[in-house]
Structure formats: structure tokens, C-alpha cells
Amino acid sequence: MSKRTLIQFFHWYLPEGGKLWDDLASEAGHLRDMGITDVWLPPVYKGASGGHSVGYDSYDLFDLGEFDQKGSIPTKYGDRAALEHATAQLKEAGLRVILDVVFNHKMGADEIETIHVRRVNPEDRTEVESDTFEAKAYTRFTFPGRKGAYSEFIWDHRCFGGLDHLVEPEENGVFKLMNEYGDGEWNEEVDEEKGNYDYLMGADIEFRNRAVYEELKFWGRWIAGQVPTDGFRLDAAKHIPAWFFRDWVGHMRESVSRELFVVAEYWHPDMEVLRAYLELVDQQLMLFDVALHHNFHDASKAGADYDLRRIFDGTLVAAEPAHAVTLVANHDTQPLQSLESPVEPWFKPLAYALILMREQGVPCVFHADLYGAEYTDTGGDGDRHDIHLPVIGCLPKLIEARQRFANGPQDDIFDDAHCLAVVRHGTAEAPGCVVVLTNAGEAEKTVELGPEKAGRRYRDFLGHRKDRVVLDENGRGVFPVNGGSVSLWVPA
């Protein structure tokens, strides 16, 4: 259990009905035995669409499926009792619990307020009209179903910096809320896309309001007292001022645990942008390796036309491995979602082998790749699409192999455009392995493991090859792989 392996235990189209927490409780032991160490949960609190909410339309951070709000007591994933049981089962199994934090915006306000706003150019947020006008909008959150339990804080227009919908005049767009914070300017230390990407959606939270700042710190301490909390995944980090998360993460480490695992979703493929963000947050957290995901997507589409020697070019894990969480897919990249960039099923075993068996980065496994997924939704073309995401059959063995065989010094043999090898030489206490993969036809890789291993036999742990490799008197072996496949050779 020493090698961290994270699983995102949800996808966007999970069935409704409040069953995920029950499923997670029953799967805890299986996940542990497979080799998973950390479980990233979806948002555990009530969204604006109640029992239908995936969780990113954040409404009430303090409603963990306990109060009758937004048409439901449970969240999409279950009620508070089921959540508590599931997280207790995870801890009993020795697994860490990673909570999803949605701080950028709120949705589903309870009351309308009279506010003052300025129109903003949606494509260039630095272009804010000089004329301020009066309007009415849903900006007051009173949480009537909770009735002040856990927190009496009321969110009103002073807690927000921007909106996308006005009730009167009825209008959609991007609107800068005018209040005493920021002199009508957006927050700094956010992504520079669209000039300034502070605003994303809903009622955009104004972190310069000290009351808001303190309430979110209070919530962090509160949630850690309600369910086991070993870390956080920070949603929409590119839209939230870096200074806030620098302070908030530091506060959580001081008040909850120094050992908290924190990964931020700063969805940007430019490694230099990610490096700059890491500096702004004092290197306190990890980031998802967006560039590597896109390389996997491109490689899966191109097939044998892709030069596999470039697979780690421009990636965070190559430049800043201590801060990289590597992934093949997530809930946003799956088909029909906002960042749709799926990796083709044939390539996923290769991609998972590259993130699970190398020592650099913390790999994250996607629920739909382990359990499969089927759903129907409307695509960008306006048509309905039936989506089938197959189970990646060898994924459990790859996760297990990470714990058992990804040991000792590593050699990357990236000397061929279509066939790569990753060698883990093992230690005195634990065996190593040879991973060989190709995006073209059947191939092989000659590997020298040293004369001390002369005569040793190797088998394909994944079962893709039935033959055996025997090392010669110099400890050299020729390790084959089927076309478009991966083999993981371990001592027989």
C-alpha cells in the first residue's frame, strides 16, 4: 500500500437513485485488495438540482443528504447515513478519503435581490461596460430546509462577483456585480483565458469578502469533523484566485492534518502555466496532468501514425513529477461532456500501463474504465447519442501489478516510434517487471537485466501472451508484445 493509486469513484452519468454510497461501502475491501489506496468521492453535498445533481451545481455545502432541499433529502449518491457508512468502510479497509471541493460558484439561490451590475463581453472579460444599472437576480441563499443547522451564514449579493442570469430585466450573459469588493474588477491570479477567467458560471463567489473567506475555512474544518478526510480535489482552480487556495490549503493542513493530499483541477495543457500556478500556491498541492491526457487522446486516435517516443512531451509528469496526478480519463473528458476528449478503448491499457507502472506521478483510475458505463445524452450536434464505455479488462491486474511489481530503479526504453518498454529492476525485497507496449503490429524489445538474473523465466502477468521469456547467460531477454497491446513481464 506504499504506492499511491487514486480512483475517481464516479462518472457524470451514474444512475440516479442514491446508490453510489452503498456501492462504495460494498466495494471498499475489493478496492483495497486490488491495490487502490485513495478514493476520490464526487461532491458529497446538495446541488441545485437536488437528487439529480452530479454535484457541481453547488447549492448547500452543509447539506450532506440530510435536509429536504431542492426536492430531495438524499443527494444523487445517497443520504448522509449512507455517506458516513461508506467512508467508515473505506477507513476500515485502510483507504484514504479524498473529498471534492466546489468553491467557485453557487447555484439555486432561494430569493431574489435588487443588485447593481455591469455588462461584460463574454469573450473578453476585461471589457466591462462603464454604465451600471439596477437589476433583480437570484443571489440570496438562505437554505430554508436546513434552518441554520451547522452554519447560520446567509449568502447574498455581497458574497458574489458575477452572474450569468438576470430576472429583471430578463437577460442572459456575463454581468459584473458591483459591490464594495474589487472596485468593479475581477479577481487577479486567475487564468488569462478570455482575458480574465475569474467568471465561469452561476453566482461567482467573491473571495475578497472576508466573511466569505472565513466561512469557507470554517466549512473545511467542519467537513473534516463530519466524515473521514484525508485530502481534497479542488474544482475549477483556474477560475479561483491562487492566493485563496494558497491560504485555504495551508489552513486545512494546520487545522486538519499536515498529511492532507490535495490535487487541483487547473485544466490547462501548457506546462509553463501550471508551473506558474504552482509557484503562486507555494507548491502546496498537485495538479492533474492535462497535457498527458491529451497526448493519450491524440495517440489513441492516430494509431500507428503516432510516434510513441513523444508520449511524455510537454507533460507535467515529465517536468514536475512530484506535483503531477496522471489520468487517462475523467468525468469531464468522457463522451458528450464539456471537455470531451476520450481515449479510444484499445489504447487505454497502454496508457494505464504508462501511468501505473512508472514511478513518476500519482496515477488516477477512472470509475468508468474499471466498471464500464452506458448512457444516452445530447451532443454538441444537437442529436442524441448512445454511449458505451467498455470495461478495460486488464485494468485490475495493472493496478495490482503497481503494488507488486513496480519496484526499484526504472529505465524507460523509448528508442522506437511504435514500441516502448519500461523496466523496473526490483529490489532485494520485491520483484520488478518489464512492460512492453506497441501501437502498431506485433513487436518485441530486447532488455538487459544483468548477469545476476541469468536463466530467470518471465511470464506475462496480464495474460496477453502465453509464452515464456528466459534470460540468457548475460541476463538478456527478448520480450514480445501483441499488436496494439501491452504485456507486463514478471518473474515466473
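**Strands, helices and voids**

Strand β5, residues 96–101, runs parallel to strand β13, residues 231–234, and the two are joined over 4 bridges. Strands here are DSSP runs of E with at least two residues, helices are runs of H or I with at least four, and both are numbered from the N terminus. Two strands count as paired if DSSP finds at least two bridges between them. This is a predicted model, where local features need pLDDT of at least 70 and side-chain atom pairs count only at pLDDT 80 or more, while totals for chains, interfaces and linings use all residues. Residues are numbered from 1 along each chain as its sequence is written, and side-chain values use heavy atoms, with hydrogens and water left out.

Within that pair, I98 has G231 of β13 as its bridge partner. β5 and β13 belong to a barrel that 8 strands close in the order β1-β2-β5-β13-β14-β15-β16-β17, with parallel pairing. From one strand to the next, the twist averages 25°.

For the antiparallel sense, take β20 (residues 410–413) and β21 (residues 419–424), which pair over 4 bridges. They form a hairpin with 5 residues between them, and I413 stands opposite A421 in β21.

Now the helices. α3, residues 210–226, packs against α4, residues 242–255, at an angle of about 35° with the axes 10 Å apart. Axes are lines fitted to C-alpha atoms, for helices over the stretch in contact, and angles run from 0 to 180 degrees between N-to-C directions. On the α3 side, the residues in contact are Y213, L216, K217, W219, G220 and R221, and they meet W243, F244, D247, W248, H251, M252 and S255 in α4; contact means heavy atoms within 4.5 Å. By class, the contact has 7 nonpolar, 3 polar and 3 charged residues.

Last, the voids. On a 1 Å grid over the protein atoms alone, a cavity is a set of points where a 1.4 Å probe fits but cannot get out; a pocket is an open set with protein on both sides within 12 Å along at least five of seven lines; lining residues have an atom within 4 Å of a point. Points are joined across faces, edges and corners, and a volume is the space filled by probe spheres set on them.

What is the volume of the largest pocket? About 430 Å³. It is lined by 18 residues, and L200, M201, E265, D332 and S338 are the closest to its centre.

The largest cavity has a volume of about 50 Å³. Its lining includes L216, which is also among the α3 residues that meet α4.

Terms used:
Ala, Val, Leu, Ile, Met, Phe, Trp, Tyr, Cys and Pro count as nonpolar, Asp, Glu, Lys and Arg as charged, and the others, Gly among them, as polar.
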